[in-house]
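Here are my notes on the two-chain model you sent over.

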Amino acid sequence: MTCSDFLKELTDYLDDSMDAQTRAELEDHLQWCHNCYVVCNTTKMTIEIYRDSHLYELPDDLRGRLRAAILSKCKGHEGPCT
Amino acid sequence: MGTIQPKVAEPAGDELALVHAAKAGDIGAFEQLVRRYDRNVFRIAQHITQNREDAEDVVQDAFLKAYQNLGNFQEQSKFYTWLVRIAVNEALMRLRRRRPERMVSLDEDIKTEEDSMPREVADWAPNPEQLYTQGELKEILGKTIQGLPPSFRTVFVLRDVEGLSTEETADALDLSIPAVKSRLLRARLQLRERLSKYFKNRTGGDGKK
């Protein structure tokens, strides 16, 4: 397996959506290829940092205002069309 | 090396009952659906539009549209996936309005393989997020994701931030599964590359064995 092959499979590897044999081949590559190990590890960290970052949280006061506006607009319409 | 664990829980069992009640005109039931997903919709909208006012408008318009079109929701997907599809379309529409000079499309594909090939292979500090204050970290993450093309940013946000499955992301964006996977890989690698300059281990070493 080349580094380019490894990279193509990286998303499925991180998402654990691959068969056991491909997984074993990728892990074998990681054993000896330090660059791919670093890329894999730091990509995983990238995902975790974004997922845990609470970027763009909705503040409570804005949340209340938006909800009031949404419900007021909904009430002003005829309701769900069926 | 471990894999990424999805963080999103399955929808509560009462969700379909709320959808049915809302379809019948029960505004209280719809309000509960708004409470359940308004934070997610806001986050997605802000990520796509990169503009606070636009994100607020998207939240309002997406929920209003969802309410008006509940009768067309066939219940073949989760309510949330259906809502995300509406919100993404609203957000992209706002983005196009704000940047008419640039064609904004989810279909825009990748120029070359080169854009995602790792160049920076230095390892990161063990807890890179602790190198910065909370405010600095948010600024770095916001600035970095803003640099991605909208089509990559949207797939990354739905899949990795909001925790939708690949199939749900494809469904919400009307993309094929290979297209979602291709964009996701490129988004992840580009973000990793850009974050490396902030997070790499500064204690020495060139990242090679």
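1. Starting with the interface: 53 residues of chain A are in contact with 66 residues of chain B, contact being heavy atoms within 4.5 Å. Tyr50(A), Arg51(A) and Tyr56(A) supply 15% of the area that chain A buries against chain B, more than any other three residues. Between them the two chains bury about 5,600 Å², with 66% of that on carbon and sulfur atoms; buried area here is the accessible area (1.4 Å probe) that two parts lose on being put together, summed over both.

2. Before going further, the ground rules. This is a predicted model, with local features needing pLDDT of at least 70 and side-chain atom pairs counting only at pLDDT 80 or more, while totals for chains, interfaces and linings use all residues. Residues are numbered from 1 along each chain as its sequence is written, chains are lettered from A and ligands numbered from 1 in the order written, and side-chain values use heavy atoms, with hydrogens and water left out.

3. One to look at is Glu57(A) with Arg43(B), at 3.2 Å, N to O.

4. Which elements of chain A give two or more residues to the side that touches chain B? They are α1 (3-14), α2 (20-32), α3 and α4 (60-75) of chain A; helices are DSSP runs of H or I, at least four residues, numbered from the N terminus. α3(A) has the largest share, 17 residues.

5. Now α6(B), residues 150-161: 12 of its 12 residues are buried, meaning under 20% relative accessible area (1.4 Å probe, protein chains only). After α6(B) comes Gly163(B), with a positive phi near 80°.

6. Last, the cysteines. There are zero disulfides over all chains, a disulfide being a pair of cysteine sulfur atoms within 2.5 Å. For Cys40(A), the nearest cysteine sulfur is that of Cys36(A), 8.4 Å away. Cys40(A) is buried, at 0% relative accessible area, and Cys74(A) counts as buried too, at 1%.

Definitions and conventions. Buried means under 20% relative accessible area, exposed over 50%, partly exposed in between (1.4 Å probe, protein chains only). A salt bridge is a side-chain nitrogen of Lys or Arg within 4 Å of a carboxyl oxygen of Asp or Glu.
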